[in-house]
Amino acid sequence: MKIISISQILLGFAAVLFLASGASAEILKIVVDDTIQPITQEYISRAIDEAARRNDQAVLIEINTPGGLVDSARRIIEKITSSKVPVIVYVGPSGSRAGSAGIFLLEAADVAAMAPGTNAGAAHPVLIGPFAPKVDDEMKRKIENDTAALMRSVTSKRGRNVEVAESAVLESKSFTEQEALSQHLIDYIASSENDLFRQMENKTFKRFTGQEVTLKLSGHTIAPFGMTLKERILGYLMDPNISFILLAIGALALYAEFNHPGAVIPGTVGVVFILIAAFALNLLPTRFAALILILGAFALFAAEAKFASHGVLTIGGITLLTLGGLLLVDSPIPEMRVHLLTALAVSIPLGLITAFLMAIAVRARRNKLVSGAQGLIGETGIAQTALGPRGKIFVHGELWDAISVPDVAVGESVVVREVDGLLLQVEPLALTRLAPATAVR
């Protein structure tokens, strides 16, 4: 008979309790390699909620960001500091950075770490928004102090160097991983996730609530947590360059629909592209005055076709469209603005194509289609019978009654000069240079 030891019974009992509690031995990992904006905020928030639901050991956020919007950073900080699961922010791999808003997330984490060859900082606030006014020195100081207070708040709770962290805001300082560690802005320098977990082994850290926690993460499974399809699509659209291209293509497609009513496809494409661009721009700090510049550009393209300024109006339209693109998104970092190359690559071809299409449309409207009886005037026919003065001629593939002064012999070429009901007034081809065409009665 097999004897079960007391230790085996206790081990089995512990396993049952572990499974009953729903505890997970996993570390949930997300990778943020993008700007800090509403979609990044949604992704991080969803990951932290999922880790809490699964009762994971920790959330690991591997970050590489140039920065982004302070409002989005504030909401992410709220999520990190209120998380039931410890949050580790790791700036990596080598060559990565936590610029601008990124350093706020780094300092808000329960554990802050950086890989060799990384940097963090340069978090001076920049006033943005569609109606952002020029601020005086006093207002500028208020904005700076408000942002610095946020940095002091999260840094002091984590027991890190408040003064040095504040200098990243007020003096736009940036720190290498060695500088950040020596000045106690971060807790570890680690070449990899496993190296970080090994260094953290059996070491205590203080959570935002003041509770002291010890994690043993070595050997635990790392579970990647990716973006949803919606987040990936929206993250792609949050690139201002993509939004500007969609807006420009949509405007061109709508223009094509207006010039060819009933084509349907250009109009559908135009509406869809413009609505998608509008949705993305609604999430970004958009300058609505820039949209007026873009509309003005299309007005100049249309005027070029009508007034034939030999390219002057087209050049003006291209200039307005380029400026409208560059000013469209008012972001604190270059990565969240429309690039000059993108603005030129869109504006120049679009301006030339639009002006060309408009010119064709205007010429088509000026050259009215001539048909019916009016279309017979000036046509050449052949006398089927002698016209002395009345007879028949063959013109436009039909036999017509015709009258001519002077007389015309059979087989002689004639030109239609006037249409009187079903009777054509013609004259010999030889005399056409002497008399202009008349009209239909």
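1. Val164 is a residue of helix H6, which spans residues 162–170. In this predicted model, Val164 is buried, since its relative accessible area of 12% falls under the 20% limit. Beyond its neighbours within four places in sequence, Val164 is in contact with Phe175, Gln183 and Leu185.

2. Thr322 belongs to helix H13, residues 312–327. With a relative accessible area of 10%, Thr322 is buried, because the limit for that class is under 20%. Neighbours within four places in sequence being set aside, the contacts of Thr322 are Leu340, Ala343, Leu344 and Ser347.

3. The overall composition of the chain is as follows. The protein chain contains 14 helices and 16 strands. It has 441 residues, of which 44% count as buried. Among contacts with a separation of 6 or more, 63% are between residues 24 or more positions apart.

4. Which strands make up the open sheet, and in what order? Six strands form it, in the order E8-E5-E3-E2-E1-E11, and their pairing is parallel. Strand E8 (188–189) and strand E11 (221–224) are the edge strands, each pairing on one side only. Strand E1, residues 26–32, runs parallel to E11 and is joined to E11 by four bridges. Within this pair, Ile27 of the sheet stands opposite Ile222 in E11. Helix H2 packs on the sheet and touches E1, strand E2 (58–63), strand E3 (87–91) and E11. The direction of H2 makes about 180° with that of E1.

5. Helix H2 also meets another helix. The axes of H2 (residues 38–54) and H3 (residues 70–81) come within 9 Å of each other and cross at roughly 5°. Angles under 35 degrees count as roughly parallel, and H2 and H3 are therefore roughly parallel to each other. On the H2 side, the contact is made by Pro38, Thr40, Gln41, Ile44, Ser45, Ile48 and Asp49. On the H3 side, the residues are Ser72, Arg75, Ile76, Lys79 and Ile80. Classed by type, the contact of H2 with H3 comprises five nonpolar, four polar and three charged residues.

6. Where does the largest nonpolar core draw its largest share of residues? This core has 46 residues, and those touching the most other members are Ile30, Ile44, Ile61, Phe104 and Leu106. The largest share, six residues, comes from helix H4, residues 101–108. Ile44 is also listed in the contact of H2 with H3. Leu106, neighbours within four places in sequence aside, is in contact with Val89, Val91, Ala112, Ala113, Met114, Ala120, Arg160 and Ile186. Another core, of 32 residues, lies apart from the largest one; Ile242, Leu247, Ala280 and Val338 are among its members.

7. Five strands close into it in the order E12-E13-E14-E16-E15, with mixed pairing. From one strand to the next, the twist averages 55°. In general, strands of a sheet pair through backbone hydrogen bonds, in either the parallel or the antiparallel sense.

8. Strand E12 (residues 380–383) has two partners that can be described in detail. E12 pairs with strand E15 (residues 413–420) in the antiparallel sense over three bridges. With strand E13 (residues 390–395), E12 pairs in the antiparallel sense over two bridges. E12 and E13 form a hairpin, with six residues between them. Which residues stand opposite Ile382? In E15 the residue is Ser413, and in E13 it is Phe394.

9. Strand E15 pairs in turn with strand E16 (residues 423–428), again in the antiparallel sense. Six bridges join E15 and E16. Val419 has Leu424 as its bridge partner in E16.

Note on methods. Residues numbered from 1 in each chain as written. Predicted model: local features only at pLDDT ≥ 70, side-chain atom pairs only at ≥ 80, totals over all residues. Heavy atoms only, no water. Axes fitted to C-alpha atoms, helices over the stretch in contact; angles between N-to-C directions. Parallel < 35°, antiparallel > 145°, perpendicular 65-115°, else oblique. Contact = heavy atoms within 4.5 Å. Nonpolar A, V, L, I, M, F, W, Y, C, P; charged D, E, K, R; others polar. Pairing = 2+ DSSP bridges. Buried < 20%, exposed > 50% of the residue type's maximum accessible area, 1.4 Å probe, protein only. Core = buried A, V, L, I, M, F, W, Y, C linked by side-chain atoms within 4.5 Å.
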